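Look through the sequence and the model first, then work down the topics.

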Amino acid sequence: MEHRQKFIAALLAKMTLVEKVGQLNLYNGTWEFTGPVPKDDDSQLKFEHIRQGLVGGMLNVLTVAATREAQKLAVEDSRLGIPLIFGYDVIHGYKTMAPIPLAQSASWDLEVARKCAALAALEASASGIHWTFAPMIDITRDARWGRVMEGPGEDPYLGSAMAKAWVEGFQGSDLGAVNTIAACAKHFAAYGFVEAGRDYNTVDMGSSTLHNIVLPPFKAAAEAGVATFMNGFNELNGVPVTGNRFLQRQLLKELWNWSGFVVSDWASIGEMVTHGFTADLKHAAEKAIGAGCDMDMESKAYLRHLQQLVEEGIVDQKYIDNAVQRILQVKYDLGLFDDPYRYCNQQREKSSILTDTNLALARDAARKSIVLLKNEQHILPLSKLGVSIGVIGCLAQDKDIPLGSWRAQAEANSAKSLLEGMKSLVEPDSIRFAEGYKLTRGDRSFLFELDIIENDETGFDDAVAVAQDSDVVVLAMGEDCWQTGEGRSQVDVGLKGSQQELLKQLLKVNQNIVVVMMSGRALDIAEVAHQVPALLQVWHLGSEAGNAIADVIFGDYNPSGKLPVSFPRHGGQLPIYYNHKNTGRPTTNPHDDGMVFWSHYTDCENDPLYPFGFGLSYSKFEYGESRLSANRLISGGSIKFTATIKNLGPYDGHEVVQLYIRDIVASETRPVKELKAFKKVFLAAGEEEVVSFDIDEEMLSYYLSDGSLVCEPGAFTIMVGGSSAQTQGQELIYEL
Ligand code: NOJ
């Protein structure tokens with residue numbers, strides 16, 4: 001530590017103001033664009049700027065060869081030879097794709113999250129990358145928002161646990177190791193609450209929600225030592241977050257005492273002009289640096305204006321020094337001052353990417369992320385012998401969609417399809433395939449891609465014939481991977497094209513239908529769920545998707561995932577989430593008088609189709625009565641809450657035991673339920689276990705709107721269960 005401080009202080013002392021500003025400038029490379037391409041983009045000029053010491057880092061420069069070439073310019077040609085940092089969106093894998101983050105969150109398995117992030121770091125670092133723009137830990141309650149696939153879902157406790165695990169996975173215990181990379185907690189903050197789920201839209205939110213729902217995962221990431229933060233595109237209550245001093249300077253850097261650096265989102269400094277928050281780019285630079293945004297991604301605002309702003313006395317030089325120091329610290333921790341080419345090893349690039357070990361890890365993570373939503377008459381798992389299976393739906397043979405959105409350098413069409421996975425586990429002849437509905441591919445590039453599932457019934461006859469001749473049908477449904485992700489919000493979260501109509505036709509000839517639902521969000525699947533006996537939610541599971549789904553379908557893996565988001569009965573319920581307030585006229589008519597004056601819809605129930613935390617197993621888990629070791633908790637103490645969980649069989653399996661609390665009366669109203677802990681336990685068939693949780697003040701605390709954390713005396717309900725909707729509880733009194 002001491003050496004780092006001395007080294008950086010000595011380097012800072014040698015730097016001119018222009019060179020300092022250069023460190024705050026992050027340029028996009030010329031290979032890939034992950035935002036609007038600037039009209040004046042000029043790659044030659046960027047290289048020239050590296051030589052002049054005007055660039056601190058680059059994003060989207062890929063491969064060892066390319067990063068080495070750019071690094072050479074910085075190290076050998078610039079006056080001080082300060083190495084560049086190379087960033088890239090390595091969200092759920094580099095070439096080997098793990099499940100999308102929302103799916104990883106559905107595993108409720110922190111080891112899975114850690115391993116997936118470590119795998120992404122291993123491959124990205126082998127290809128010259130130092131820094132990922134992940135994890136995205138924006139809590140969201142609105143499936144219309146395309147970026148829901150990129151985050152942990154709707155709950156701040158699960159989100160915080162995942163945030164910590166992802167940071168630990170990417171960064172390991174030593175950022176200086178060659179197989180770890182710097183992580184970036186994004187988007188600070190409240191981006192997941194864009195109005196009506198429309199990407200980049202306005203956010204207007206009360207501070208109770210900000211402190212209790214939005215901020216906890218960011219605090220967890222900061223405490224886990226995440227090296228960087230990214231702000232965002234949205235405004236929050238009238239102030240764009242990129243220029244938000246409260247969030248970045250006061251909360252993150254002062255109150256949380258976090259020492260990393262904050263990068264802007266793509267052109268988000270410049271966009272403060274469009275927001276109507278700053279008069280011009282110079283004004284935007286002033287606001288952003290003052291607010292605590294250390295690095296400028298693709299606005300060129302700092303490069304063009306910071307020197308002048310300092311010379312004119314408008315911006316205090318101490319802000320620049322502090323920002324540079326933070327950036328140099330991360331470069332130091334990555335070991336770049338010891339050897340700027342330490343991530344440039346072509347041999348490693350060849351040998352450590354897409355290996356069998358990496359794929360095996362992706363398969364294991366994928367099967368643990370699958371959620372069984374329905375399984376009537378134990379139709380699943382299917383027997384591997386003596387059953388004729390009709391596999392239907394063009395998503396079933398697709399090798400690209402499972403790779404998901406934000407797929408970094410994954411080879412197009414490199415995923416195992418559902419059809420391939422199933423054929424590999426049974427006699428291939430026992431499976432017949434029909435496409436059923438059709439998909440039209442757009443131009444496959446991240447910037448424009450929008451595939452379309454068509455309204456086309458020409459494949460129906462073949463599909464019906466296959467269904468008629470099969471004992472059981474496995475029907476793949478869902479959405480294309482490019483229907484989710486950045487810039488891909490939707491007003492309708494229902495199934496597109498002719499999928500639902502196809503299901504209707506198939507049901508006429510065969511009722512044994514297992515639906516495999518692929519999506520990056522909670523789709524509106526109510527109609528499907530009511531019609532079929534079995535339903536698996538499989539998200540976009542990555543490179544090994546087909547194998548992992550087949551493992552579950554044939555019972556080689558007993559499903560254990562639980563939903564990280566509520567699935568609506570109807571898109572009109574959005575935003576929908578389990579930890580809502582009671583209201584004065586809550587979800588069941590308090591007067592039971594048949595009148596309409598209570599909080600409800602006249603055409604739909606209030607509750608979701610499938611609640612947060614829900615997920616079945618091939619076994620049945622029974623929750624015995626729960627117990628508290630005492631029914632009073634005195635300030636400073638802790639008591640035990642236990643419940644007996646029994647696996648009634650017939651399979652061994654995992655159950656995620658969830659603990660919720662309700663604060664009955666508080667100075668600011670509290671949700672009807674809040675997740676406060678969970679344990680994933682493994683129980684052999686017939687086995688039972690007493691699962692115990694320590695209840696302490698931290699669990700009973702919440703943030704008041706002024707941001708202070710309080711634990712107020714009074715009554716609480718402590719609940720346990722296998723989902724947010726199936727809990728049983730005990731009363732607890734907390735006393736000061
Ligand atoms: C914009 C996205 O919002 C952000 O998450 C991403 O890291 C940057 N583009 C860089 O690609």
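Does methionine 595 count as buried, partly exposed or exposed? Methionine 595 counts as partly exposed, because its relative accessibility is 43%, and partly exposed covers the range between under 20% (buried) and over 50% (exposed). This is a predicted model.

**Surface patch**

- Methionine 595 sits in the loop between α21 (545-553) and β19 (621-628).
- Met595, Val596 and Phe597 make up a nonpolar patch on the surface.
- Together, the three residues of this patch have about 310 Å² of accessible area.

**Ligand surroundings**

- The ligand is surrounded by 13 residues.
- The closest of them are Thr34, Asp89, Arg147, His187 and Asp265.
- Sorted by class, this shell holds 6 nonpolar, 2 polar and 5 charged residues.
- The side chain of aspartate 89 has an N or O atom 2.4 Å from an oxygen atom of the ligand.
- For arginine 147, the distance from a side-chain N or O atom to an oxygen atom of the ligand is 2.6 Å.
- For lysine 186, the distance from a side-chain N or O atom to an oxygen atom of the ligand is 2.8 Å.
- On its own, the ligand has 300 Å² of accessible area, and the protein covers 100% of that.

**A salt-bridge network**

- The structure holds 44 salt bridges.
- Asp89, Arg147, Glu150, Lys186 and Glu486 are joined in a network of salt bridges.
- Asp89 and Arg147 of this network are also among the closest residues to the ligand.
- Lys186, another member of the network, also has a side-chain N or O atom 2.8 Å from an oxygen atom of the ligand.

- Aspartate 40 and arginine 304 form a salt bridge through their side chains, at 3.1 Å from N to O.
- This pair links distant parts of the chain, 264 residues apart.
- Aspartate 40 is in the loop between β1 (25-28) and α3 (43-51), while arginine 304 is in helix α12 (residues 301-311).
- Aspartate 40 counts as partly exposed, at 43% relative accessibility.
- Arginine 304 also counts as partly exposed, at 45%.
- Lysine 95 and glutamate 411 form another salt bridge, at 3.8 Å from N to O.
- Lysine 95 lies in the loop between β3 (85-88) and α5 (101-106), and glutamate 411 in the loop between α16 (394-397) and α17 (418-423), so this pair ties together parts that are 316 residues apart in sequence.
- Lysine 95 is partly exposed, at 23% relative accessibility.
- Glutamate 411 is partly exposed too, with a relative accessible area of 48%.

**A salt bridge within one helix**

- Lysine 72 and glutamate 76 meet through their side chains in a salt bridge of 3.9 Å, N to O.
- Both residues belong to helix α4 (residues 64-77).
- They are separated by about one helical turn, because they are 4 residues apart in that helix.
- Lysine 72 counts as partly exposed, at 41% relative accessibility.

- Threonine 180 is found in the loop between α7 (156-171) and β5 (184-185).
- Threonine 180 is buried, because its relative accessible area is 8%, and buried means under 20%.
- Its side chain reaches the backbone oxygen of aspartate 174 at 2.8 Å.
- A polar atom of the threonine 180 side chain also lies 3.1 Å from the backbone oxygen of alanine 177.

- Phenylalanine 170 is part of helix α7.
- Phenylalanine 170 is buried, with a relative accessible area of 2%.
- Phenylalanine 170 and cysteine 184 are 14 residues apart along the chain, and their C-alpha atoms are separated by 9.5 Å.
- Glycine 192 lies in the loop between β5 and α8 (207-223).
- Glycine 192 is buried, with a relative accessible area of 4%.
- From C-alpha to C-alpha, glycine 192 and histidine 92 are 19 Å apart in space, and they are 100 residues apart in sequence.

Methods:
Residues are numbered from 1 along each chain as its sequence is written. This is a predicted model: local features need pLDDT of at least 70, side-chain atom pairs count only at pLDDT 80 or more; totals for chains, interfaces and linings use all residues. Side-chain values use heavy atoms; hydrogens and water are left out. A residue is near a molecule or strand if one of its heavy atoms lies within 4 Å of it. A polar contact is a pair of N or O atoms within 3.5 Å; within protein, one must be able to donate a hydrogen and the other to accept it, and residues adjacent in sequence count only if both atoms are side-chain atoms. Accessible areas come from the Shrake-Rupley method with a 1.4 Å probe; for residues, only the protein chains shown count as cover. Ala, Val, Leu, Ile, Met, Phe, Trp, Tyr, Cys and Pro count as nonpolar, Asp, Glu, Lys and Arg as charged, and the others, Gly among them, as polar. Patches are made of residues with over 30% relative accessible area and no salt bridge: like charges are joined within 9 Å, nonpolar side chains (Val, Leu, Ile, Met, Phe, Trp, Tyr) within 5 Å. A salt bridge is a side-chain nitrogen of Lys or Arg within 4 Å of a carboxyl oxygen of Asp or Glu. Helices (H or I, at least four residues) and strands (E, at least two) are DSSP runs, numbered from the N terminus. Buried means under 20% relative accessible area, exposed over 50%, partly exposed in between (1.4 Å probe, protein chains only).
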